[in-house]
Number of protein chains: 2
Amino acid sequence: MADSPQSALVALLDELRGRLPAAAILQGPAASIAYGSDNSRLVGEPDLVLLPTRHEEVQAAVAACHRHGVPLTARGRGSNTTGACIAAEGGVVLGLERMQRIIEIRPDDRVAVVEPGVLNGELQAALAPHGFFWAADPTSAPYSSVGGNLACNAGGPRTLKYGSARDNLMALRAVDGQGREFRCGAAVTKNSTGFDLTRLIAGSEGTLAIITEATLRLTPLPEARRGMRALYDSVDGAAAAVARVMAQPVVPSALEFMDDRALDLVRARGLELPKRARGLLLLEADGREAALDDACAALGVAARGSGLVDWQVAGSTAELESLWAARKALSPALRSLAPDKINEDVVVPVSRVPALLRRAQQLADEAGIPIVCFGHAGNGNLHVNLMFDRADPAQARAAERCLHTVFDSVLALGGTLSGEHGIGVAKRPFMARALDPVALDLMRAIKRQFDPAGILNPGKLLP
Amino acid sequence: MADSPQSALVALLDELRGRLPAAAILQGPAASIAYGSDNSRLVGEPDLVLLPTRHEEVQAAVAACHRHGVPLTARGRGSNTTGACIAAEGGVVLGLERMQRIIEIRPDDRVAVVEPGVLNGELQAALAPHGFFWAADPTSAPYSSVGGNLACNAGGPRTLKYGSARDNLMALRAVDGQGREFRCGAAVTKNSTGFDLTRLIAGSEGTLAIITEATLRLTPLPEARRGMRALYDSVDGAAAAVARVMAQPVVPSALEFMDDRALDLVRARGLELPKRARGLLLLEADGREAALDDACAALGVAARGSGLVDWQVAGSTAELESLWAARKALSPALRSLAPDKINEDVVVPVSRVPALLRRAQQLADEAGIPIVCFGHAGNGNLHVNLMFDRADPAQARAAERCLHTVFDSVLALGGTLSGEHGIGVAKRPFMARALDPVALDLMRAIKRQFDPAGILNPGKLLP
């Protein structure tokens with residue numbers, strides 16, 4: 001681009017005014033601030049915010065940004081925790097929040113076709129009367145969009161049994177970095193027809209293409225669910241039980257873990273738990289009503305073992321809610337205690353969960369920074385929370401060092417950086433450590449093919 | 001390459017002699033013929049056959065081919081039906097059959113790490129004592145390799161419930177077209193760390209990279225299975241039942257279909273079936289023994305409907321075998337009747353299965369070529385068999401025309417070319433019709449990044 005950034009923007013805006021309705025173009029400090037940060041609290045303000053309502057407007061916007069060499073960052077609802085949708089290099093934020101049509105629900109084919117701005121929670125509500133759900137169930141479901149869920153390959157507790165966003169995606173309509181429209185995949189559950197571009201784009205955080213329509217794979221709603229809670233007298237006891245549960249055939253629809261510090265936090269908020277409990281598992285089984293007794297019994301057998309203090313099966317919805325109360329109380333407790341905490345989203349093979357938890361404890365002791373671990377233990381996906389005060393420079397430095405060692409430990413255990421949050425800006429510096437250099441080189445090469453001018457979400461994911 | 005093909009080969013051979021053991025290098029007509037065709041009966045003879053036993057030898061072979069500009073086609077056991085592993089442009093066939101170590105089985109992590117030459121059936125046998133299986137279950141399992149299964153994203157009846165080869169792959173060690181080694185993915189069930197190269201390589205038929213080690217996701221063996229058979233008085237009745245079964249929550253572990261012509265073929269081989277039966281479904285439920293009665297009852301309710309002639313649930317293994325006898329008798333019957341038959345592996349959304357079957361019948365009538373349809377109906381994955389005599393030029397031409405129309409119909413119904421066999425040479429001419437031109441352009445661009453000299457399996461998959 002021969003243009004200066006400023007003159008490129010002026011030319012871009014000129015062009016866009018002819019192609020997008022005036023209401024879709026936002027300029028000025030208010031818009032830049034509103035669309036310049038996300039749930040990571042990182043900031044990168046755009047020069048221009050575009051809020052298209054149709055595929056054609058997305059295509060026009062990307063094509064114009066490509067021509068004028070202006071960075072373009074796609075954004076769902078900004079609920080991500082990695083800075084993936086801040087405008088790290090300025091330019092345009094393309095908010096997809098107004099593309100919220102549910103185009104089609106086809107129960108016979110177990111398929112829904114949606115625009116990217118549809119909220120996960122809205123989609124689930126629309127699917128329920130048909131007897132289906134979409135498997136991705138992040139905590140942010142009520143306010144995060146399907147497009148954002150796909151961009152970072154979001155998961156949640158149910159991922160254990162039903163797979164992540166990427167696993168439940170069949171086909172896409174999208175726009176590449178040159179503004180070219182394409183479709184890939186098909187609304188079928190089996191496909192051996194060329195390279196799997198669909199799953200390549202899922203999890204690419206808007207760096208390869210902008211999704212304008214997604215064909216999602218649906219799962220039948222289970223007839224019934226039942227929750228269980230196991231308490232152990234040590235973190236090790238709970239971690240060992242995770243491996244036992246996952247080594248037997250009944251796959252729980254959730255297997256969540258909380259360590260001793262997490263339990264102390266919710267105790268401090270008034271939740272009553274047996275004093276001896278130092279590790280907690282929440283399990284859920286779902287399926288046919290007639291099969292649940294047997295499934296819960298099998299999970300109970302696996303959960304039993306050294307250090308089990310208490311085992312409860314919820315007999316009613318109220319009991320279920322009381323069992324999950326500890327998990328629900330945890331996030332606010334963490335936030336209020338350490339608003340600047342680092343919440344990492346690492347994942348290790350299930351058999352290495354005990355080793356990771358021991359290592360985290362050791363690192364916390366060494367650094368003098370409390371670490372609270374909880375998360376989707378059945379997938380080996382743990383949220384490792386470093387509790388510190390960013391205002392204290394010594395603590396901030398110690399936390400940063402500690403974080404590096406956590407990642408090194410995770411990688412040494414055969415794990416990886418992120419299970420469901422993605423990389424964005426926050427984990428980008430660690431990618432070269434986590435990934436093979438040739439694999440990284442191939443990823444960069446793929447990126448250049450989809451986006452030769454490098455305008456799509458620059459400064460993210462790939463180092 | 002300035003070298004002529006012949007001098008390039010001489011130079012290549014010179015270089016390889018220093019890097020691979022003599023026993024790994026095969027030359028001469030016997031080797032070229034043995035490794036120059038596959039189950040497609042297409043022929044493309046290599047100049048040289050390499051049978052490495054270690055990753056380092058694969059890497060040396062690919063690097064040398066890259067340097068000398070010699071085509072290299074990876075091969076498992078040649079059981080594919082699309083010509084995917086013939087040496088379409090001569091050069092080297094790299095047979096991976098001697099790389100057959102099962103490196104690791106880790107039941108706690110539900111993971112196995114294998115070399116590509118391990119046979120699917122051998123792997124299943126090794127996993128069974130641990131209580132696990134690998135989901136890909138092609139009919140060729142006893143004699144097809146895991147590497148080949150991954151290369152064409154193989155499936156089978158169980159794919160319906162447990163996913164295909166690609167869905168059950170976690171990580172790879174591989175060699176790209178420049179001979180560079182890389183690892184991608186991780187032995188975890190949740191991963192949002194960069195682009196998903198692992199699943200991009202699965203199904204790429206050896207055109208992007210050579211797999212030298214695969215980390216597979218394992219599934220617990222079900223405690224029990226039960227088979228069911230439903231007979232209908234019309235193909236339409238059976239097809240409608242498929243959609244009903246797939247619209248309710250109990251996912252069968254198999255849902256196979258046979259049309260009226262298929263039933264006539266197995267009747268002609270002496271199998272007794274009620275006279276009124278013109279369409280058949282075989283269903284299987286699996287899981288906990290305690291849950292099976294209920295699951296089979298739910299499937300029975302869904303199977304019941306207009307045109308049901310007979311419903312049987314197998315009470316014993318012997319009864320199960322007798323129910324599946326029709327399906328087992330079919331393939332040999334087809335082969336003996338029309339050795340040159342075209343067996344296509346199309347896939348449509350489940351709700352479109354009835355339309356596809358009606359269209360196939362219409363096309364058969366118009367072309368005067370019998371078409372027999374059967375297959376994995378729960379995935380909408382049908383094997384459409386055009387029965388003709390290749391020796392009769394008029395029939396051969398009519399079959400070719402008919403095949404084009406079958407593909408057009410499948411695409412018009414929102415389906416795609418292949419559900420589990422892949423593209424290879426056989427379906428390559430149809431790819432431009434099946435895929436979006438921009439998507440195809442992106443696939444070609446990706447190919448150039450993995451394999452800049454275009455040596456990996458040239459003449460396959462991408463037109």
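This is a predicted model: local features need pLDDT of at least 70, side-chain atom pairs count only at pLDDT 80 or more; totals for chains, interfaces and linings use all residues.
I shall begin with the extent of the interface. The contact draws on 87 residues of chain A and 86 residues of chain B. Between the two chains, about 6800 Å² is buried, and carbon and sulfur atoms account for 56% of that area. Lys190(A), Ser192(A) and Phe195(A) together provide 14% of what chain A buries against chain B, more than any other three residues.

Which elements of chain A supply at least two residues each to the side that touches chain B? They are helices H6, H7, H8, H10 and H15, together with strand S9. H15(A) contributes the most, with 11 residues. By class, this side of chain A comprises 41 nonpolar, 24 polar and 22 charged residues.

Finally, I would draw attention to helix H4 of chain A, residues 120-127. Its buried residues are Asn120(A), Leu123(A), Gln124(A) and Leu127(A). Viewed down the helix axis, these residues fall within an arc of 100°, and they therefore line one face of H4(A). As a general point, an α-helix has 3.6 residues a turn, so residues three or four places apart point the same way. The buried residues of H4(A) pack against strands S5, S6, S7 and S10 and against helix H5 of chain A.

Methods. Residues are numbered from 1 along each chain as its sequence is written. Chains are lettered from A and ligands numbered from 1 in the order in which they are written. Side-chain values use heavy atoms; hydrogens and water are left out. Contact means heavy atoms within 4.5 Å. Buried area is the accessible area (1.4 Å probe) that two parts lose on being put together, summed over both. Helices (H or I, at least four residues) and strands (E, at least two) are DSSP runs, numbered from the N terminus. Ala, Val, Leu, Ile, Met, Phe, Trp, Tyr, Cys and Pro count as nonpolar, Asp, Glu, Lys and Arg as charged, and the others, Gly among them, as polar. Buried means under 20% relative accessible area, exposed over 50%, partly exposed in between (1.4 Å probe, protein chains only). The arc is that of the directions from the helix axis to the C-beta atoms.
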